Amino acid sequence: MRKRTTNQRKVDPDHYKSNSGRLESFEAFRQTYGDTAAEHACLFNAHKYMYRHGRKGATKEDAICDLEKAIRYLQFAIGILEGNDEQR
C-alpha cells in the first residue's frame, strides 16, 4: 500500500470514515438521501472548494488542496451518473 501524502490526507481524511473504516460519511449521505441529492451535494462542494481556493489558506499548498478536493467531488458526481455504487 502506498503511503498517503499530506495533501491526500487533507483531501480524504480518516475522520470522514465510520468507525469500521468501511463507509465514508458521503456514502452514508447518499444511502440516506439518494443519488440525486448526493450528486447535487457533490456539485455544491466542488463549487465551494473552487471558489475558496487561494482565499482560505495563505499557501500555495492550501490552494492546491482545495482544488484537489473539488476534483474529488466532481469525480464523485461522475461516479453517481455512471451508476457506481461506491465512491472511494
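Exposed means over 50% relative accessible area. This cut-off applies throughout the legends below, which describe a predicted model.

**Figure 1. Aromatic pair of Phe29 and Tyr33 in helix H2.** Tyrosine 33 has a relative accessible area of 55% and is therefore exposed. Phenylalanine 29, at 30% relative accessibility, counts as partly exposed. The two rings form a tilted pair, with 4.7 Å centre to centre and 45 degrees between the planes. Because phenylalanine 29 and tyrosine 33 are four residues apart in helix H2 (residues 25-33), about one helical turn separates them.

**Figure 2. Stacked pair of Tyr49 and Tyr73.** The centres of tyrosine 49 and tyrosine 73 lie 6.1 Å apart, and 15 degrees separate the planes. Tyrosine 49 belongs to helix H3 and tyrosine 73 to helix H4, so the pair ties together parts that are 24 residues apart in sequence. Tyrosine 49 is buried, at 10% relative accessible area.

**Figure 3. Aromatic cluster.** Phe26, Tyr49, Tyr73 and Phe76 are linked into a cluster by ring pairs. The model has four aromatic pairs by the rule applied.

**Figure 4. Largest nonpolar core.** This core comprises 10 residues: Phe26, Ala38, Cys42, Ala46, Tyr49, Ala70, Tyr73, Phe76, Ala77 and Ile80. Helix H3 (35-52) and helix H4 (60-82) are the elements that each give two or more residues to the core. H4 provides the largest share, five residues. In soluble globular proteins, nonpolar side chains tend to be buried together.

**Figure 5. Arginine 55 and the ring of tyrosine 51.** The charged end of arginine 55 sits over the tyrosine 51 ring, at 4.1 Å from the ring centre.

Definitions and conventions:
Residues are numbered from 1 along each chain as its sequence is written. This is a predicted model: local features need pLDDT of at least 70, side-chain atom pairs count only at pLDDT 80 or more; totals for chains, interfaces and linings use all residues. Side-chain values use heavy atoms; hydrogens and water are left out. A nonpolar core is a set of buried Ala, Val, Leu, Ile, Met, Phe, Trp, Tyr and Cys residues joined through side-chain atoms within 4.5 Å. Buried means under 20% relative accessible area, exposed over 50%, partly exposed in between (1.4 Å probe, protein chains only). Rings of Phe, Tyr and Trp (its six-membered ring) pair if their centres lie within 6.5 Å; planes under 30 degrees apart count as stacked, over 60 as edge-to-face and the rest as tilted. A charge sits over a ring if NZ of Lys or CZ of Arg is within 6 Å of the ring centre and within 35 degrees of the ring normal.
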